[in-house]
Amino acid sequence: MRTVAKLLRTPIPQPQSYHEYADHRAWLGIPYAANVLSNVPILAVGFVGLFRKNSSPSLKLMNLGLITAALGSAYYHLAPDDQRLAWDRLGMSVALAGALGSAAEESNPHSKAKSSVTMMATLVANAAAIIWWQTVDDVRGYAASQGAATLHFRQLAKRAPSDKRGRMMALYWSNILAKACELLDGPVWRMTGERISGHTLKHLLLAVGFGLREFY
């Protein structure tokens, strides 16, 4: 209990080791080329989804977030630091808010108001957590908001009609796998004979997950 209480009281700064990626390869003058260019599939999913006809406002927000996240992530990986990372995380937070709003609507199609509240609450909470992190160098709020949003998405997916549950769970599990690959950046790099790193694989898994969510 004392350890938990200490964690609640003590700010947790962004570890600077986070910016030390296993794959340093450059290509055509692009540093960290694999981590930069693996955002292209995310960008493509966002653009195609954004201009689909009859797309709901929450899905449009999700796809706008994917575009912002892909551009922000590419910008960050060109020269990784805390300030650039904020743009990456802000875009993904927008995409997550849209995905949650859409999941709330599909799990209860008769309550569009609840969908809007879920979407806006997620967006505000994530934005506030990012601003707090950038202001006082404390990532606890960001970690908590991301964890809560992920768990909420899973609960909404479990309540969704069976014909929609599959694509929602595909996004959930791709996000879980992407997070695991992010944490195992170096080990994945070594296990694949230095062909692909965990962080690059993270980007590709997110593109697949959001693509299945949008088009499946």
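Tutor: Helices (H or I, at least four residues) and strands (E, at least two) are DSSP runs, numbered from the N terminus. Here the elements of the protein chain run α-α-α-α-α-α-α-α-α-α from the N terminus on, which comes to ten helices and zero strands. This is a predicted model: local features need pLDDT of at least 70, side-chain atom pairs count only at pLDDT 80 or more, and totals for chains, interfaces and linings use all residues. Residues are numbered from 1 along each chain as its sequence is written, and side-chain values use heavy atoms, with hydrogens and water left out.

Student: What radius of gyration does the protein chain have, and what would a compact globule have?

Tutor: The radius of gyration is taken over C-alpha atoms, and the globule rule is 2.2 Å times the number of residues to the power 0.38. For 216 residues a compact globule would have a value near 17 Å, and the protein chain agrees, with 17 Å. The C-alpha trace spans about 50 × 45 × 30 Å along its principal axes.

Student: How many residues does the largest nonpolar core have, and which have the most contacts inside it?

Tutor: A nonpolar core is a set of buried Ala, Val, Leu, Ile, Met, Phe, Trp, Tyr and Cys residues joined through side-chain atoms within 4.5 Å. Buried means under 20% relative accessible area, exposed over 50%, and partly exposed in between (1.4 Å probe, protein chains only). In this model the largest such core has 27 residues, and Phe 153 and Phe 210 have the most contacts inside it. Helices α3, α4, α5, α7, α8 and α10 each supply at least two of its residues, and α5 gives the most, with seven. Apart from this core lies another, of ten residues, including Tyr 21 and Ile 130.

Student: Which residues does Phe 153 touch, leaving aside those up to four places away in sequence?

Tutor: Contact means heavy atoms within 4.5 Å. By that criterion, Phe 153 touches Ala 99, Leu 100, Ala 103, Met 168, Leu 171 and Tyr 172. For the protein chain, among contacts between residues at least 6 apart in sequence, 66% join residues at least 24 apart.

Student: Is Thr 118 buried or exposed?

Tutor: Thr 118, found in helix α6 (residues 112-136), is buried, because its relative accessible area is 10%. Not counting residues up to four places away in sequence, Thr 118 touches Leu 100, Gly 101, Ala 104 and His 152. Across the protein chain, buried residues make up 46% of the 216 residues.
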